[in-house]
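Please keep the sequence and the model open while reading.

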Amino acid sequence: MRKSVLAIGAHPDDIEIGCGGTLLSLVKKGYDIYLVIMTNGENWQCKTKNVRVVEQEEASNYLLATQTYYLNSRDGYMQKDPTVIDQLTEIINEVNPELIFTHYYSDYHQDHQTTYQITSASSKKRTLYLYEAVTSKHFIPDTFYDISNEYDRKQHLIGLHHSQIVKYSQRGDSLYSRVRAYNSRHGLEIGTDYAEGFVTERVRLDKMMKI
């Protein structure tokens, strides 16, 4: 039986930035990849719904994702709404993932915080792997995944979210450089070129070790 992975992000591009390398590796290992995007990312200049959903679909196709769900919360105004919790709970029960990835809870962006809260409420007693965003605060990972072999493909994946590349460039910044900096730092922590780091929540050691 094939195993599945569910990655949940507040906006198009969050998943690719936080755990794109890990997903690229897992799909090679035979996992089915499912994505949930909480908003359409349409709130700011050059980030219309049509542009950002098209970019996400291109990224989803590159990831060979089995399905991408859009929950259509309002970008910038997400709430921990019982209806959204029920929607995500239904998806989790349907997909029944081996692994769930979502935002780290300490973050300067309110939508990232709310996505974590909704995911935690929806996933009940399942283990969560919390990934890093460019706006994460005090992120100290306890779990790592070597993405050295996937790093060039991860950079390409991020580039499919062209509106985000343009946004950072207009600020005199580089999204590529930001992501490279912390993937390189996490790689140093485990002795590889590049790694993605995660904070784990509710880990069952007996299940991990099949005791």
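Contact here means heavy atoms within 4.5 Å. The model is predicted. By that criterion, and leaving aside residues up to four places away in sequence, Val 36 touches Leu 6, Ala 7, Ile 8, Gly 9, Ile 15, Tyr 69, Leu 71, Leu 88 and Ile 91.

Val 36 belongs to the largest nonpolar core, which has 23 residues; together with Met 38, Val 36 touches the most other members. Two or more residues of this core come from each of strand E1 (4–9), strand E2 (32–39), strand E3 (67–73), helix H3 (82–95), helix H4 (110–123) and strand E5 (128–131). Helix H3 gives the largest share, 6 residues. Apart from this core lies another one, of 21 residues, including Leu 24, Ala 59, Tyr 129 and Leu 160. In soluble globular proteins, nonpolar side chains tend to be buried together.

What does the chain look like as a whole? The protein chain has 8 helices and 7 strands. Its radius of gyration is 16 Å, close to the 17 Å that the globule rule gives for 211 residues, so the chain is as compact as a globular protein of that length. Along the principal axes, the C-alpha atoms fill a box of roughly 55 × 45 × 30 Å. Among contacts with a separation of 6 or more, 80% join residues 24 or more positions apart.

Of the 211 residues, 53% are buried. The chain exposes about 10,300 Å², with carbon and sulfur atoms supplying 49% of it. As for charge, the chain carries 24 positive and 27 negative charges, and their mean positions are 3 Å apart.

Note on methods. Residues numbered from 1 in each chain as written. Predicted model: local features only at pLDDT ≥ 70, side-chain atom pairs only at ≥ 80, totals over all residues. Heavy atoms only, no water. Helix = DSSP H or I, 4+ residues; strand = E, 2+ residues; numbered from the N terminus. Rg over C-alpha atoms; globule rule 2.2 N^0.38 Å. Buried < 20%, exposed > 50% of the residue type's maximum accessible area, 1.4 Å probe, protein only. Areas by Shrake-Rupley, 256 points an atom, 1.4 Å probe, with all protein chains shown as cover. Lys, Arg positive; Asp, Glu negative; His and termini not counted. Charge placed at Lys NZ, Arg CZ, Asp CG, Glu CD. Core = buried A, V, L, I, M, F, W, Y, C linked by side-chain atoms within 4.5 Å.
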